[in-house]
Every structure is written in C-alpha cells, then in structure tokens.
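Hi,

Here is the model I promised to pass on.

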Amino acid sequence: VSPVRRMTLLRAQEWAGTLALAAAFGACAISGELGVGLVLLFFGAAAAASILRPSTRRYEWAWTTLLGAAFLLQAAQIASGRLDIVLGAAQFTVLLAVHRLWHRGSRRDEWLLLLLSVLLVCAGAALSAELLFGLCFLCYAVAATWALALTYLRFEIESARTPEHAAMLLNGRRLVTPGVLAALASLSLAALVGSAAIFVTFPRVTIGGLRRSSSSIPIAGLGDQIDLLRHGVVADDPRVVLRVQLDPSPSAHGELTTHWRARSLEVWTGRGWRARTDVWGGATSTAPMPPVRRAEAYRRPDPLVADIEAVAGFSAGVVLVPEGWPMGVTFHGPLTARGTQTRLLRAPNGDLFYTPAEMGDVHYVVRTERALPDLDGLRGSGTTYPREIAVDLEVPDHVDERVRRLSRLLTAGKDPVDAAAAVELWLTKSLGYTRELPGPQSDPIAHFLFESRRGHCELFSSAMVILLRLAGIPARNVTGYYGGVHTGAGYWAVRAGDAHSWVEVYVPGAGFVPFDPTPPSGRGSAQKGWWAEAVLVWDGLSQRWRAFVVDYDLLSQRRTIARIATALRETGKRLSRARPGTPEFREAAFQIALSLLVVVGGIALLRRVRHRGRPASDALTADQRRARKLWQRARERLDREGVPLTPATSPRETIRWTAQHKPPAAPAVERLASVVLAARWGGERLPPWRARTLLQELQQQLRRSNAPAGGESRKT
Amino acid sequence: VSVARAGALTARARVVPAWKRRLSFTPLGRWYVALTVAIGFAAINTGNNLLFLVLGLLLSSIVVSGILSETSLRAVRVERRLPISASVGAEALVALIARNGKPRAPSVGLTVREKGGDVAGQGLFLVLGPGRSEEVSYRFTPARRGVHRFDQLEVATRAPFGLFEKVRPLSAPAELIVFPRRIAPPPLEPRQLAREGESSTGRAGHGLEMHALRDYRPGEDARSIHWRSSARAGKLIGVDREQERRRQVCVVLDHRRATGAALETAVERAAALFERELDSGAEVSLALCGERLPAGSGERHRIAGLTLLALLDASSGAPPPVPDRDASVLEVVA
C-alpha cells in the first residue's frame, strides 16, 4: 500500500501545510541571502516538529522572548543601515514560521502558518528572480492548495462533529485518496492558469517606491585585478554569463569566435594586473571613433548589433562589447515612474560600465563597427603616443634579463604593429596552452616563457604586454569572454568558463587594436558532456523565465495584448470572409474540423483509458447498458412526478410507491421494470425501439394520472 | 392530525429566487483578502513581476473558490423532516435531507441551517456525491409550548478553501406544534386501579360478561353457544353478551384567571392527566374555556388533545368550561 493510500486526513493536512511552508521557504532561501544558520534552523525545526510532534506550550514564553529579542536586534540593524529592510522582514518571517511550526496544534496555528508561507513567497519574490523561484512557486501553488483545502476540511469536521466522530473521520483513510489529492492538484493548476491570465493582463502601472532589485552574489568573472600566482586549475564553469542575439547572425552551426571585451587592466602589480585608478571624467557615452577606423568604416562598413543579456553576478557592472568599436549602448529596463534607470559610464581608458550595478541582470543592445584596417593599413602609424596612455608603457621594476632579450629579439627594428604581430605569432606558435596554474612563482612571466613554456590565457596576454612594453610599445591586458555556443532557445550562450584574456596595443590614429596570443585551441572553454548540456537547457529555461516573467513590463504587456487582439481580429476577419467554396472557408472549415477531431479523439481516448481501469465486472453489453439507462430515465421521470425514490429504492419498491402515488402509471412501471430486469440480469435483448416505447408509455400514463387531479403538488 | 404542518405557510412565505446568494468573509478570508490587497499594492509599488505572479495566484484562488462554491451549491435540493411530536424541555430531532442533483460534480462542505424561524439548528454534509441523497439531523430543545415556525433553510458552503461563505437561501416554511412539558401525573386512586378499562352498560353487545340466554340461531358462531344450558335443556341455547363501554373521563381546565407560569403549570397538569387517563384505557374528553374536545381514545386523539392544550392562550373573557355529563370529571385548578 502506497504511503498516499495510508494517509489519514489529519496526517495529509499536516504534511501539506509543512510542504507549502517548505516550498515558500525554498522560494525565499534560493536568493542565498537568508544565511546558513536560518536555513539549518528552519529545516531542523521542521524535521523535529514532524518527528517529535511537541504538544506542550510550556516553553512558549521562551520562544516569544527570543522572537522579541530577534525583532529588536533586527530593527536596530535596519535602523543603523546594516540590514536591508526586506531581508530583515524575510528573516523575521522565517523565525515566526519556525515558532509556529514548533507550536502548531490549533486552527489558528494552521491558518497562521499558511499566511506566513504567503509572506515568505513574497519575500522570495523580492529577494530573488531566478528560475528556481519559479519552480518553488509552482510547488508552493500545489502544496498550498492541498493545505488550504485540507485544513478547511479538517476544521469543518472538528467544528461540526462530536470529538469522537471527528477523530474517527480525521484518522480514517476514506476522505484523503490519491484521487482527491490529484483533484486538488488540478485545482491548483487551474489557479495557476488564472494566475497567468491575471499576470498577463494586470496593468503594469507601477509607482516605483521601495523597489528592491534582486541581487546575486558574484561568483566569477570580471574583477578589477588579475593574480597570476594563484595555484590550481582554471575551472570550466558551464554557467551562462551572457545570452546574446546577433544581427547579422552567424550560422547557428559551430561555435562563435568573438571576443567579448569587458575591461582593460593596465597596472602591473608584480603578481598580475589591476585597473588604473584615474579620476573619472564622468563621460556617459561611447568614445568617438579614431580617424583611421572612421575612414575604414566609411569605406567598408561592417556593423554588428548585439542584444546582450548579462547575468549580474558575472558582469560586475561592466558592459561587455563584442569585437569592434562600440558605437552606442541602449539599455532595456522596466518602466517605472520613479525607478532608477540604468545609465552608461565610460572610464578614461574607454571601458564601459553601467550604473547602478546592483540592478541585477542587465539587458542592453550594443552597436559596434567591426571595420578595422588590416595590419598593412596600420603599419607606419608612428610612435607618437598621447600622455594619457603613459600607464600602458610602464614596465615592472625587476624584469628577468631573458625576457628583455626576448623582447629585443622579437621587436628590434620593426614597426610597432609588426612587432606586436611578431610577438603574438611567437607566443602562439612557441608555447603551449594548459589550464593548470603555475603555482607560486617569484616571476610568473619568466617562468612561463622559459621554464614551463605552457600556461593559460592570462599568462600569454601578460607575457605579450610585458614584451611589448619593454620594446616601448603601449599595450594593455584585456579581460572578457571568448566564443559562445548556440542554444536551442535561439540565442548564443557565453559561459563563465569562456573567460578569456588578451591584449590591446595602441596604434596612433586607430586607438587600441586587439591581439590574441593564446593559441586558438586554448581560447574559450571546451565544455562538453551532459552536465554542460543540462546547464544550457536550464539556462534556456532561465532565459525564457526572465524574458516572459521577470522582465514583463508595460511595453511587453501592450505588445502581448496587441498580439492577442490582432490574432482575434484576424480570426474574425477570416471567418467573416469565409464563404462556402472560397479558400478562406475551406481553411477555416479544415481548422474547425481538425480541432473537433482532436477534441473528440481526446475524449474517446480518455473514456477508453478510464474504461480500461474499471473492473471487468463493469463491462456491460449494449443491451445491459441500455437497460440501465432506461431504468435511470424512468426513475428520473417518476422522481419529477413526486414518487419518493431514494438511490436504494429497488424496482419492486418503485412499483409499490408508484401504485401508491400514481396508481395509473403502476402497470407501465411494472412492465418497464420486468423488461429492464430481464435485459440487465437475464440476458434478454432490449432493442432501442423497445426501450423508447416503454419510456413513452410510462410518460403517457404519468400524464394521464396528472390530468384529472390537476397535478400533485410537490413538496420542496 | 399532523402537528408538523410543512408547507402551511407557503402562501405567505417570501419566495427566494434560485439565483440569490449571500457572500461573507470568514476570519481567514478577511486576512487573505487584506494580504492580497497588500501584495497588490507592493507589486504596483515596486513593479516586481514576481509579486504580480503571487498576486495572480491569490486572486485566481479567490475566483476558483467562487466557482467551486457555486458548483457545490448548485442543483442541491434540501428538505426538512420534522418530528411527529415535541414537548417543552425534551430534545427533538429535526432531520435535514439533501440531494445532489448534479450528474458528475460532488458538493463539498454543505452546511444546511435554519434561518428566520423560531428554531436554530444546522447540519453538515461533508461530501455529497453526484446524484446522492444524505440525511443529517440536529437536536433542539423547545423552551415553550405552541407553534414553532420554520422559515428558510440556508445552504452554505465554505469550500474549497474556507475563505468565504457562500449562502443560498431556500424557502422552506413549516410549523411544529410543541406540546406542554411532560410532568409526572398524579397517581391513580385504588378504586380506579381496581376497575381499569371497560364498564358494563346493561345492554346486549360484544363484551365479556353474560347478558341473557336465548335459543341458538342457526348460522351463528359456535362460540355463542352456552354449552352447559344446552346440555341441560337438550337443545342449543345461545348467549348474548353484555355491551361494555369504556370509562369516560373529562379533564376540565378553567384557565380564565391564570396567566404566565400559573397557566403553564395548569396546562402541564391537564396534559399529564389527559395522557394518564388515555394510557389507562379511558375515553378522555377535554373541557377548556370556550373549547371542547369530545371523548375519544387512541394516538390521534392524544395528539389532538395535546395540540389543543399546546395552543391554549390566556383568555379571561372566555366562557367557563363545560364538562362531559356522562364522564367522571378531573378538574385542574389554575
């Protein structure tokens, strides 16, 4: 016997309440902001309450005191600005839920638990916008429906029955069956459908006060420094950091070979790189295109529009730009009257950032111009460098002599552009790629170039920057992502494991020109296997969740409603134009016929499945079914005429009652009953015409019995 | 005579339209709606779509609740079955019968309760399957004698979530006449006990005692032959039996000066005497101020007498009671 079949109403109600609360807590906890202590406390209390089932309220005063203390503590933290008010409210709600879970017993406790679970879901909505919230919400919708309905039933029984009778019903297995639970679950699905309808149509007019965006904890990505002395292995993280749609779109087959530039790191720290710390000028637009590029773009334009959705935890406030010169950035954002709009900021080194950075995932469109002059076009640009790029010429105080010699060897007497190309080529061809980190080294560049001769992308780019700077050529390290994989959801996914580092070399008149010394086989990540696929599928779902739920705003609403209205209008037009014989009519008729066929087929299939599930004894012949139906109809007629029948009234009793209340109809009922019994149990045939005749005869007799008396009034 | 006169008030009762419903919040429903409004405000204020999603779930649950409660109430027929008799101070059982006329959908959590009449009571039908009838009953203890009116029956449900109570009123007028309180009657006197039952009238009839002997008439029942006299006379002698008549008692209640508790006490004593004499086999008549019940016996006569006493009002201007001349009189002094 399955556990569900062994479930009593009382047990099912308690489990449903706990499940709803756990789902609500899960919706709240996936944000990761509640803290491990609170998560452990909740699940510990839930498990202990389920196992120990404490019935005493002896120590309730202690709980109340603790709650009061927690409230005061949190209020103080909120007042002092150390705790966010939404997070504080969520944490306190969890404590209240734990308290009530431990002391549940009365009707009030159960209702309070359900109300607290709603508050927890709301807190989860404020703290996190992840797809996991959607799953928790789905679980919550089902479990809360069970909990509401079963709690209602439980207390309805307790209030209307004697304690003994109520205990018998509550501890019985008659009321809670798998069928009842399935029916309640379908009820919750109906509620979810309604919820979706309300979600789509509810006007998205927002006031914009007290807005708290969801935030994620940065996991990896684009910090403002690089440490080359870390030891270990570069992780292949399959999590998606960018969802990109490109125009013009490259072929969906194969992988993308685009560099996604995040930021440049110019200052050598002795262990790696960090960003320069100049005072920002507060520029809020992209930098103007240098003359050489401008001329090339004019001669041979090659624009690219990238619609980018950046996951906040990875983008760290940086606007990622595909290869080319950024011409403009446009942010998507929900419309609010007072909501903070996302703004673009440009650092002195040209890096682009958005603010406020804690807005959660960010969605923007970058237009770039990819038309770059080739090396021949750049050659001979000179060595006159502006003062603001002096930082890109700085070399470390102590450089290994072998590195200096190598720099001279590769660049001596060459044009800066040729020198850069030579260094890039030498690194690509001469050194190998590995994901293993070098471990603690006093000079990671020299170790990489002359000892290990193998390294990851940051070592390649760092080595190139140092070699070029030693030759007096301004260069800088650039971080970002490389590549991308096409997903079934129709966008390109760039993953955390695609993190990459390359080099930008300053060419007068053309600005910083990218060079990538890392061997192509080592660029990006090689993420294969079911886990990487699963992550992509999950990301596809997340993207849809974000596109259709989280970012659904007034414009989306207008578009959706307009689309529905258009579809309805088109259908109306199509039907109004449809005349027999016209193509529109044929199409409409075909669609209607197809729909009907599908519906009828579905019903037939359902009936067949249900019929299969019945015991064999219920399989009746056509005559038996007809007899049963005839008897039902006869009973309905008699019932309408005031003959007192109950479900248990036998045919013989029916004849007797008819003789008492409608004497003229008694012979007809007797004939009908004998035919029915013979067909239903005696194997006699009952053709349809015979059934119809008997029923008509009964109706005539009933009418006749009513006529002289003027009708018998029925008691209602 | 039936004291439960169902339908007696139909003519003057308000006819409740079938569509009429009344909706009210339960305490949980009040909290639920307040929370929904608060979440709606928060959603509009913050523009957080996930809060709109939660709001959608709460609102659609309200809609689903409304649809299901309406489904539960629809096509449900309710009937009240009153007790044959009820007395002041004694528990009476009123049966409520509900039938779910829907072919497929069950009705869940139906509470049927009295509304607008003199009696309060309710019964719960937890689950009423499609096409099924069930019966529940409630008890009530009448506090006064006389007519108790029943007006409407309300079919209410809080299903499926207990957030709202939807009520469908039904016209179901009826009356129940509550008899006077049953008190212990004064014990019978010894001479009455000695001659319990019938007394002879001195005329031929169908009693047990012998009235006269005569010639046997052919075709008569053989049991009418007096065998000892026949043996003595050498021919068949028949016997006529004495006609017997039940003892006749008239309970007299002069309540012209009695009001309030005194009247109630007198009525209760009269009822007790009336019932005691009926139980002892006498034919009992009632003589009240301005009203009279002829002598009789049996259950129907008992109900008629008790009904008369149940409906008795204080009446100072009424004519005095006129006792039965042929009957022994038991007078109740008010």
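To start you off: in which loop of chain B does Pro160(B) lie? Pro160(B) sits in the loop between strand S8 (146-157) and strand S9 (164-179) of chain B; helices (H or I, at least four residues) and strands (E, at least two) are DSSP runs, numbered from the N terminus.

Before the rest, some housekeeping. This is a predicted model, where local features need pLDDT of at least 70 and side-chain atom pairs count only at pLDDT 80 or more, while totals for chains, interfaces and linings use all residues. Residues are numbered from 1 along each chain as its sequence is written, chains are lettered from A and ligands numbered from 1 in the order in which they are written, and side-chain values use heavy atoms, with hydrogens and water left out.

Most residues other than glycine have a negative phi, and most peptide bonds are trans. The bond from Ala159(B) to Pro160(B) is cis, with omega near 0°. Another cis bond joins Asp247(A) and Pro248(A), with omega about 0°, and Pro248(A) is in the loop between strand S2 (240-247) and strand S3 (259-265) of chain A. Phi is positive, near 55°, at Arg453(A), in the loop between helix H14 (444-452) and strand S13 (454-455) of chain A. Arg453(A) is partly exposed at 33% relative accessibility (buried is under 20% relative accessible area, exposed over 50%, partly exposed in between; 1.4 Å probe, protein chains only). Ala75(B) also has a positive phi, near 55°, and is partly exposed at 35%.

As for chain A overall, it has 22 helices and 18 strands, and 47% of its 716 residues count as buried.

Then the interface. The contact (heavy atoms within 4.5 Å) takes 54 residues from chain A and 47 residues from chain B. Together the two chains bury about 4,100 Å², 72% of it on carbon and sulfur atoms; that is the accessible area (1.4 Å probe) the two parts lose on being put together, summed over both. There is one salt bridge between them (a side-chain nitrogen of Lys or Arg within 4 Å of a carboxyl oxygen of Asp or Glu): Arg77(B) meets Asp639(A) at 3.4 Å, N to O. Helices H5 (107-127), H6 (131-160), H8 (178-201) and H16 (529-550) of chain A each supply at least two residues of the side touching chain B, and H6(A) gives the most, with twelve.

Cheers
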